[in-house]
Amino acid sequence: MRRVHVVGNSGSGKSTLAASLSGRLEVPWLELDSIFHMRDWTPRPVAEFREEVDRFTAAGGWVVDGNYSAVRDIVWARADTVVWIDLPRHTIMRRLLRRTLRRMATGTELWNGNRERFRFLFQKDESILRWAWIQHEKYRERYRQAAEDPANAHLRFVRVASREDIGRLLG
């Protein structure tokens, strides 16, 4: 593993695992959210987003985390491994609720001045909890199919379905 893409639902632990892998492999790490979400949660224009990801993944070793279909072709063309975090929905929702409430209470800055707000919990289009609930099965099916797709035969898919799997991966 030298070029790794970490994918999975919101709250599954992508960034935490990606940071650990980056340190273990001694390669840089890119959290896609950090370059996609500009000030005031404004999305970066797709062409700029793709340029940033293209530049980062041109290196010989890296870890990228995030599920953005707008750059998946770039990342997967250069990756050697996809780590798919596929934890149970109840585990993800518990973690995500705890993380989100902690960030809201402390006013933690995420990227580019952005912060999660209590009002986001109740707005249909802004709720990370609603998003994660709806996306859970979609991501599960997306990455299951991708792992079986002959077009991705150049990639090693590592499905992480438990805390023990994470421990074995980080070995």
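Helices (H or I, at least four residues) and strands (E, at least two) are DSSP runs, numbered from the N terminus. The model is a predicted one, in which local features need pLDDT of at least 70 and side-chain atom pairs count only at pLDDT 80 or more, while totals for chains, interfaces and linings use all residues. Residues are numbered from 1 along each chain as its sequence is written, and side-chain values use heavy atoms, with hydrogens and water left out.

The buried residues of H5 are Thr91, Ile92, Met93, Leu96, Thr100, Arg103 and Met104. Here, buried means under 20% relative accessible area, exposed over 50%, and partly exposed in between (1.4 Å probe, protein chains only). Methionine 104, which is found in helix H5, counts as buried because its relative accessible area is 8%. Leaving aside neighbours within four places in sequence, methionine 104 is in contact with Glu116, Arg117, Phe118 and Leu121; contact means heavy atoms within 4.5 Å. Methionine 104 and arginine 119 are 15 residues apart along the chain, and their C-alpha atoms are separated by 9.8 Å.

## Packing of H5 against H6

The buried residues of H5 pack against helix H6 (128-148). The two helices, H5 and H6, pack at an angle of about 160 degrees, with their axes 10 Å apart. Axes are lines fitted to C-alpha atoms, for helices over the stretch in contact, and angles run from 0 to 180 degrees between N-to-C directions. H5 and H6 are therefore roughly antiparallel to each other. Angles under 35 degrees count as roughly parallel, over 145 as roughly antiparallel, 65 to 115 as roughly perpendicular and the rest as oblique.

The crossing of H5 and H6 is right-handed. A crossing is left-handed if the near helix is turned anticlockwise from the far one by less than a right angle, and right-handed if clockwise. On the H5 side, Arg89, Ile92, Met93, Leu96, Leu97 and Thr100 meet Ile128, Leu129, Ala132, Trp133, His136 and Glu137 of H6.

## The parallel sheet

An open sheet is formed by five strands in the order S2-S5-S1-S6-S7, and the pairing is parallel. Its edge strands are S2 and strand S7 (156-160), each of which pairs on one side only. On average, neighbouring strands of this sheet are turned by 15 degrees against each other, direction ignored. Two strands pair if DSSP finds at least two bridges between them.

Strand S6 (residues 81-85) pairs with S7 in the parallel sense over five bridges, and tryptophan 84 has arginine 159 as its bridge partner in S7. Helix H3 (residues 46-57) packs on the sheet and touches S2 and S5, its direction making about 150 degrees with that of S5. Helix H7 also packs on the sheet, touching S6 and S7, and its direction makes about 140 degrees with that of S7.

## Strand S5

Strand S5 (residues 62-65) is covered on both faces: Trp62 and Val64 are buried on one side, and Val63 and Asp65 are buried on the other. Strand S1 (residues 3-8) pairs with S5 in the parallel sense over four bridges, and arginine 3 stands opposite tryptophan 62 in S5. Strand S2 (residues 29-31) pairs with S5, likewise in the parallel sense, over three bridges; tryptophan 29 stands opposite valine 63 in S5.

## Helices H1 and H7

Helix H1 (residues 14-25) and helix H7 (residues 163-170) pack at an angle of about 20 degrees, their axes being 11 Å apart. H1 and H7 are therefore roughly parallel to each other, and their crossing is right-handed. Leu17, Ser20, Leu21 and Arg24 of H1 make the contact with Ile166, Leu169 and Leu170 of H7.

## Isoleucine 74 in helix H4

Isoleucine 74 lies in helix H4 (residues 69-78) and counts as buried because its relative accessibility is 11%. Apart from neighbours within four places in sequence, isoleucine 74 is in contact with Arg50, Val53, Asp54 and Thr57. Isoleucine 74 and aspartate 54 are 20 residues apart in sequence and 6.5 Å apart in space, C-alpha to C-alpha.
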